[in-house]
Amino acid sequence: MVKIVHYVMARSAGWAILGWLAGLYAAQSVTGSMVQTALPVVLRDIGMPLDSIGYLSVLFLPWALKFLWAPMIDRFLNERTWILLCQTGITLCFIAAANLPPQDHMPALAGVLLMMGFLAATQDIATDKLAVHATTPETRGAASGASTAGAYLGFLIGGGIWLIVYNYAGWAVSMLAMAAFVVALSLPIALAKQRTGHPAEYGEALPKASLRNTLSNRALMRGLIFLLVYQLGLRAGSSMTGPYLVDKGVSLDLIGIIRGAGGAAAGFLAAVFGAVLVQKAGIVRSITLLAALNAGVLLLLAGLEMSGRVSTTTAIVLLIVQSAAVAMSFVAVYAAMMNWCNPHQAATDFAVLQSIDAVLAIAAASVAGVLGQTFGYGWIFCFAAFLIAGALFIAPRLLAGAGPKPSHSQLPEEVLQK
């Protein structure tokens, strides 16, 4: 009877962890997607110039610079406390923004959105730390899948549903609706009774987190080299897909479906499949399989584009497959990143990796834009496929420490096999 009780408790704890991660990543994605995807549409609709809309990119500085204050998240308080503080702050920012319509209060609104970005980036640091501490290497495929699926759910809310609410109910109601979404998505972690701080086996006397310790983490540094090549290829391959579809004559409505609600739904399903793949095949094998898939799709698209034989329908199908492959790849890479992090300073290590990824996204978009303008879309896809193939070549040497190591799992096998 005692064994049965422990089994039920362990199973419930496993599902609770997955629920926490899905909800928290959805909450932070609501904020980011609203500012990045939906807000520019509203601003353009009210007549704001494109160059002014472009200045909104400064709102993403907190995501690129969050490694600077990540050590503070490791040193003070615990993950749950940081997360609840940030979620409360984000909710208050949405409430404040409800009284600042962009037509009349754009400077003040930009200030509120910048604060919201800082809070969301900080919440992301704490959530990544929670993901490392609440899981083990054997279970991080499932946790990564839940996190990625939650992010796509948040994208659907912030990038799609928010626009619908705004269109029918106006600015103030749409902002208050976002505040309500954040509160609802925060409830699971707010009501959690389980401990979410450092695992007991690490003890209480932990070394101080620092960027110097991150640089001395050999597994993380090897993984970072892989990420520099692989993520640059993935980002370059995805950055110009919107303009590519426009130049192929695809209507804006259809592009909106492909990249909006349809893309979020496809990404959600791909994340679930990616989690199953990682749990069955392992992290390293999944990364290599999905890298090969991404490179193959992009190389096929490049060949068809350069030969002038790609139809609009073929381009759409291949880009949907590529988008799903990217979502699955992120599940596998995210699981590997959790394994690279030192549990004593998980927030700092993860923030460094993600800050570099944010810089890579900017660099990839810039390089892809130059290639596309000078040589055409075919060379963009070819360049991206070449980088991904290069990452595939170096993966066996650099990802040796990304797989699971024997340890006790907080997510029971019965949960992962469902």
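**Figure 1. Helix α17, residues 377-398, in the predicted model**. With 22 residues, helix α17 reaches 31 Å from its first C-alpha to its last, which is close to the 32 Å expected at 1.5 Å a residue.

**Figure 2. Buried residues of helix α17**. The buried positions in α17 begin with Tyr377, Gly378, Ile380 and Phe381, continue through Ala384, Ala385, Leu387, Ile388 and Ala391, and include Ala395 and Leu398 as well.

**Figure 3. A nonpolar patch on the surface**. Leu153, Phe268, Leu269, Val272 and Val276 form this patch, and together they have about 420 Å² of accessible area. Helix α13, which spans residues 261-281, gives the most to the nonpolar patch, contributing four residues.

**Figure 4. Val272 within helix α13**. Val272, which is one of the residues forming the nonpolar patch, has its place in helix α13. Val272 counts as partly exposed because its relative accessibility is 41%, a value that lies between the 20% limit for buried residues and the 50% limit for exposed ones.

Figure 5. Among contacts with a separation of 6 or more, 86% are accounted for by residues 24 or more positions apart. The accessible surface of the chain comes to about 18700 Å², of which 69% belongs to carbon and sulfur atoms.

Definitions and conventions
Residues are numbered from 1 along each chain as its sequence is written. This is a predicted model: local features need pLDDT of at least 70, side-chain atom pairs count only at pLDDT 80 or more; totals for chains, interfaces and linings use all residues. Side-chain values use heavy atoms; hydrogens and water are left out. Contact means heavy atoms within 4.5 Å. Accessible areas come from the Shrake-Rupley method with a 1.4 Å probe; for residues, only the protein chains shown count as cover. Patches are made of residues with over 30% relative accessible area and no salt bridge: like charges are joined within 9 Å, nonpolar side chains (Val, Leu, Ile, Met, Phe, Trp, Tyr) within 5 Å. A salt bridge is a side-chain nitrogen of Lys or Arg within 4 Å of a carboxyl oxygen of Asp or Glu. Helices (H or I, at least four residues) and strands (E, at least two) are DSSP runs, numbered from the N terminus. Buried means under 20% relative accessible area, exposed over 50%, partly exposed in between (1.4 Å probe, protein chains only). The expected span of a helix is 1.5 Å times one less than its number of residues.
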